[in-house]
Amino acid sequence: MRHFAKLMAVSAFTALMATTATSVMAQTPKDTVVMAKQIDDIISLDPAEAFEFSGVEVGANVYDKLIGVDLANGNKLVGELAQSWTVSPDQLTYTFKLRPGVKFHSGNALTAADVVYSIQRAVTLNKSPGFILTQFGLNKDTVLDKVKAPDESTVVITVSQPFAPTFFLNCLTSGVAAVVDSKLVKANEKNGDWGNEWLKLNSAGSGAYKVRAYRPNEQYALDANESWYKGAPKNKRVVVRHVAEPASQRLLLEKGDIDMARNLSKDQLDGVKANKDIEIVQGDKGYILYLGLNQKNPNLAKPEVREALKYLVDYAAIEKNIVEGTYKGHQAFLPKGFLGAIDDQPYKFDLAKAKDLLAKAGLPNGFSVTMDTRSVSPITDIAQAIQATWAQAGVKLEIIPGDGKQTLTKYRARTHDIYIGQWGPDYLDPHTNAETFAINENNGEDAKSKTLAWRNAWDIPEMTKKTQANVLESDAAKRAAVYGELQREHQKVSPVVIMFQQVEVTAERKNVKGWVIGPSSDTNLYAPITKG
């Protein structure tokens, strides 16, 4: 009977995983949380490589880090794997004492050697999120001198400059600082890749869940870690299905085929509000929606053109007609709620001013340009709205559709004209966005730090120096003032059209409780979710 029951459980799960968006189920399994979400942005599940919203969210639920944040207490820094830590008087050396008794999913004990290996691995691979660690003077040649394990429960990290301690500690809350099972990863290494190919689809963590199965652009399934040091998750399994269309997500939710719909648009949210079996949960997200204008394009490199395009976006109409309830107007690179964030919104749709600026740029009749656009709602809808208003000034915008992986890969290679997308904070310190929007250390193709300024080929040596210097300022008020100055200058001169800040909204069945939406992908946590 035990064998039969186990076989039946496996069969039920297999049936669930095979269910398509048009099928009908009476209900989802009681111990399984099923979400519909747009996950075509995932490039990798490797925490040293994942730098997309969905991939980082998986990592946040699979891996543990030295430091975390307490969402219920003003995002206060708290110990996770680090039970305690101290900072030297010169602010150069950090000593972490590890929590005893933590084990990886494999059963291997988590030790200081795993922490050192994880940082060494992330720094040496130096994938997209690698700069979060390398900015502290860590590189493949220095990392083992700077990161040491004097014993099994102690990690000592030495940084290159006396950074504000909260800045460094906040960086350790990022996914790239996740601790991996060094023995398991080494066992799956091929051709010196540090296990990267294997970890793209698998996991080697100690967190609340482990990866059961991942099929790109289809779904991933996570099994609960019953031995997690924080206590077993409230549910035994999480299945996240890629459902691109909000209308399909709504249909699945109302049928009971899924428990949570993560990407409902304005129209779908309006439609489900009257359904007594569904509740709406929301939270302010630090995600900024923007356009990146590649300065390799000679037309987009003209200051007057950059400013004209900012006046050709009808922000108010897009918010009212397309994203109401899911985004709010915001035009600065720091999200609301971050130290130094400003509310200034200097741009609104002004056709006459835009035409005048284009004429000054020597383009009175406009020009043609392309925009790489992820084929999901509301991104496509926003792109089409922009296409219509730009056309009024003679700017002929061709929309190039693609999935999240395709458009992002092209953007990272700097082969776009214009990219429409989102940027979310990697940690809850203002430098996370200041660095990517206002620093470009090397505008060459061989740059080690490939920020958004770099992706758009925007060479800004003076702004870079000013932004970098601000992380050494320990006075929070002075730091905030400088960020205000940087944002106002950025609004005026940058090749970035910042439009909105996201309000993340989830529609869920009423028997689902405990889902808390954090300000970043690293703070969307599955473990507290329960099903009645």
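Phenylalanine 136 is buried, with 1% relative accessible area. Buried here means under 20% relative accessible area, exposed over 50%, and partly exposed in between (1.4 Å probe, protein chains only). The model is predicted, so local features need pLDDT of at least 70 and side-chain atom pairs count only at pLDDT 80 or more, while totals for chains, interfaces and linings use all residues. Residues are numbered from 1 along each chain as its sequence is written, and side-chain values use heavy atoms, with hydrogens and water left out.

The structure holds 18 aromatic pairs. Rings of Phe, Tyr and Trp (its six-membered ring) pair if their centres lie within 6.5 Å; planes under 30 degrees apart count as stacked, over 60 as edge-to-face and the rest as tilted. The ring centres of phenylalanine 136 and phenylalanine 168 are 4.8 Å apart and their planes stand at 85°, so this pair is edge-to-face. Phenylalanine 136 lies in the loop between helix 4 (131–134) and helix 5 (143–146), and phenylalanine 168 in helix 6 (residues 165–171), so the pair ties together parts 32 residues apart in sequence. Helices (H or I, at least four residues) and strands (E, at least two) are DSSP runs, numbered from the N terminus. Phenylalanine 168 is buried too, at 2%.

Tyrosine 411 and tyrosine 419 form a stacked pair, 3.9 Å centre to centre with 10° between the planes. Tyrosine 411 is buried at 1%; tyrosine 419 is buried at 8%.

Now the nonpolar cores. A nonpolar core is a set of buried Ala, Val, Leu, Ile, Met, Phe, Trp, Tyr and Cys residues joined through side-chain atoms within 4.5 Å. The largest has 99 residues, and Met35, Leu66, Phe96, Ile119, Phe168, Tyr220 and Tyr526 touch the most other members. Helix 3 (residues 112–125) gives this core its largest share, eight residues. Apart from it lies another core of 38 residues, among them Tyr347, Ala354, Leu363 and Ile382.

Strand 12 (residues 278–293) is mostly covered, with twelve of its 16 residues buried. Two strands pair if DSSP finds at least two bridges between them. Strand 12 pairs with strand 17 (residues 496–509) in the antiparallel sense over twelve bridges. There aspartate 284 stands opposite valine 503. Strand 12 also pairs with strand 16 (residues 418–423), again antiparallel, over six bridges. Leucine 291 stands opposite isoleucine 420 in strand 16.
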